[in-house]
Structure formats: C-alpha cells, structure tokens
Amino acid sequence: MRHAVAPGRVNLIGDHTDYQDGWCLPMAIDRAVDVAFTPRTDGRVRARSDDLEGTVDLAADGSAAITAVRPEWGRAVAAALTLLAEAGRAPLGADLHVRSTVPVGSGLSSSAAFGVAVTMALADVGALTVTGADLARLAQTVEHRASGVPCGIMDQLASVAGRADHALLLDCRSLAVTPVAIPPEAVFVVVHSGEPRRLVDSVYAARRRACEEAAAALGVATLRDAPFSAVADLPFARHVVSENLRTLAFADALRDGDLDSCGALMLESHGSLRDDFGVSTTRLDELVVALMGAGAFGARLTGAGFGGCAVALFDPVRAPIAAERFGGFVVRAAAGARIVTEEAT
Ligand code: GLA
C-alpha cells in the first residue's frame, strides 16, 4: 500500500502577499493529510474519508463536471483528474482512503494539504512524477477548479517544500524556497479564535481584485514592484508592500535568533491586517492581546483571516502553558509532502 502524505501549514508572517508575487514565511506543520491509494483498472476512482461524509465515485478519465460532484470534498479529486487527463496521464483507476490530522476551517490549509496529497496519489497511479514547484502549481490549480477561490501559491508550496525545524521563506514570484532554521528557543502556538472563517471566499476574491486594480493604477505588474512611497495613502496596497518588508525582516531576525524583533514584526503584521487590510475580527484581536498577556514575543492572525486561528511565538517554557490555557496546540515544523510505501504485513 502506498500513501501520499501532505502536511498543513501555519503562516508565521506574510499574509495576503502571495497573490501579488510577494514574500511569505510559512512552515509545514506536524499535522497532515494521508491518502492511502491502490490502483484499479476499471476506469473508476473511488474515495472515502475517515472524517468526511460520503463516498466519491468518479470516472478516472477526468470527464466528471467538477462543480456537480457530490460529496463536495470529491471536487478536488475530480479537479486533479481533469489536470492529469490534460497532461495525458489520467490513471486507469484508483481507490483512495483519506485520513487527516489537520483541523478543518482553521486557516491551517487542510484543503491545500488535501489537494496536494490527492494530486500526488493520482499522479503516482498515472506513472507521473511531479515534485516541487510544479506539484504546488498543479495543486493550486486543483484548488481553483474545485473551490473557485483564487488562492495564491503559499499553502501548496509550503506543504510541498516543508522541512523539519525550518520555516520557509517563499518568493512567490520565482517560487524559490529558502529554508530558515527555527532556533530551539522559538516555539509557535496555534489557537483557534472560536469563529469559523466566514465570508472568506468572497472577501478574499474581492481583496485580491482590489490589489490587482491598485497595481494596474500604479503601472506595476504586481504590488511587489511598488515602492512604499507610492502606496503610503492606499491602505490595501500599503498592507501588501509593508508586509513584504516585514516578512524579509522577520526572516533575518529568526536567523539571528532575535525573537524580540520577530515578535514585534508579528504584532505589526496583525495591526496591518486589521487596520489597513480589514481582514481581522474582534475575537482575533482580543486573542492576540490575550496571547501577549500570556508572555508571547508576538502574535497575529494567520492565513486569510475573517476568523480561524492566531499564531503566537513563545519561549519553550511558556509555549505549552499557553497552548493549554487557550485550548490551542504547539506546532513543530515538519517535512513536506511525500509518497510513503507501507510494507505489506
Ligand atoms: C489563503 C490562501 C493563500 C494566501 C492566504 C493569505 O490561505 O489560500 O494563498 O493568500 O490566504 O496570506
């Protein structure tokens, strides 16, 4: 039996920058989607999940209409099949069994991890080896087709490129990944705000469009190319440009083990997402304050916003105490997506 295993991710800093060719600094986490797969030869792909209702049963040739697929979680399977069919590598069929330890609806990229794992599994059955940035791009297209959300590349690239004990500085223009070692004194805690992410899809698409319009008005390809002076009076664009600067500064500070500076940059990032980009919520703002009160170096919302999780940087003593107190958990940086072969017993 083979398994495609793809981790979720937490973004430490650099949100709403990826779709403007910017920088972000996520890490793959020690929670993953595991798709066990075996080939079939009857032209069908069947998928079941330990966590989600229903059985997915699709033609393996990628001919299923993606948005009509039920249960809805099967749409990523259908989208991966259409992509493989376009590449001339549709599998003859497969059985998929999905298990996940990535919490759903938290902003930890459970859906990107699922997209990466399913794409890897079906590509493997179709005898196609796809890795690195190519795999991330394929899985990003799976997400676009399956959910209609015009997400950037961060979540999929983080899941693919994860490395134990390292955060990942992502250049979302070149797709270069620079691992940044996380010093042992730095421990990240994730806490859910208690609010499911609401309106996330429609507001996300609207923000993305607003950034594209701002870039066009400034005469640059993307906001990555805009100098800060050009966006000083444009709150959305100002967020993106300043967040890129904070992300690069955070990577340097983390490398230097300067956790005070890392924390200050996380707080500034949260303030910018709240005040300039308008994607925080009262509960997330309160949670960030409470985490600081528990002795965090810094804290911020993570991911798209509109609910979901906050991430906080603690020292190793305070981290487990805060995790317990806020009902959250410590996250460790983990290896990226991979195919694992389980010995038959
Ligand atoms: C979601 C998207 C990512 C990214 C973040 C915000 O997680 O899937 O591509 O845009 O929001 O940083």
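How many bridges join strand E8 to E11? Three, with E8 covering residues 187-192 and the two strands running antiparallel. Some notes on the rest follow.

1. Ground rules. This is a predicted model, where local features need pLDDT of at least 70, side-chain atom pairs count only at pLDDT 80 or more, and totals for chains, interfaces and linings use all residues. Residues are numbered from 1 along each chain as its sequence is written, and side-chain values use heavy atoms, with hydrogens and water left out.

2. The sheet. E8 and E11 belong to an open sheet of four strands, ordered E9-E10-E8-E11 with antiparallel pairing. Strands here are DSSP runs of E, at least two residues, and helices are runs of H or I, at least four, numbered from the N terminus; two strands pair if DSSP finds at least two bridges between them. E9 (298-301) and E11 (329-331) are the edge strands, each with a single partner, so one side of each has no neighbour in the sheet. On average, neighbouring strands are turned by 30 degrees against each other, direction ignored.

3. Helix H10 (residues 318-326). Its buried residues are Ala319, Ala322, Ala323 and Phe326, buried meaning under 20% relative accessible area and exposed over 50%, partly exposed in between (1.4 Å probe, protein chains only). Seen down the axis of H10, they fall within an arc of 105 degrees, so they line one face of the helix; the arc is that of the directions from the helix axis to the C-beta atoms. Ile321, Glu324 and Arg325 are exposed on the other side. The cover over the buried residues includes E8, H9, E10 and E11. After H10 comes glycine 327, with a positive phi near 70 degrees.

4. Cores. A nonpolar core is a set of buried Ala, Val, Leu, Ile, Met, Phe, Trp, Tyr and Cys residues joined through side-chain atoms within 4.5 Å. The largest has 80 residues, of which Leu25, Met27, Leu96, Leu122 and Phe250 touch the most other members. Helix H2 (residues 110-125) gives the most to this core, nine residues. Apart from it lies another core of 38 residues, including Cys151 and Phe326.

5. Cysteines. Don't look for disulfides (sulfur pairs within 2.5 Å): the structure holds zero. For cysteine 151, the nearest cysteine sulfur is that of cysteine 172, 11 Å away. Cysteine 172 has the sulfur of cysteine 24 at 3.7 Å, and is in no disulfide. Cysteine 151 is buried at 9% relative accessibility, and cysteine 172 is buried at 4%.

Notes
Axes are lines fitted to C-alpha atoms, for helices over the stretch in contact, and angles run from 0 to 180 degrees between N-to-C directions. Contact means heavy atoms within 4.5 Å.
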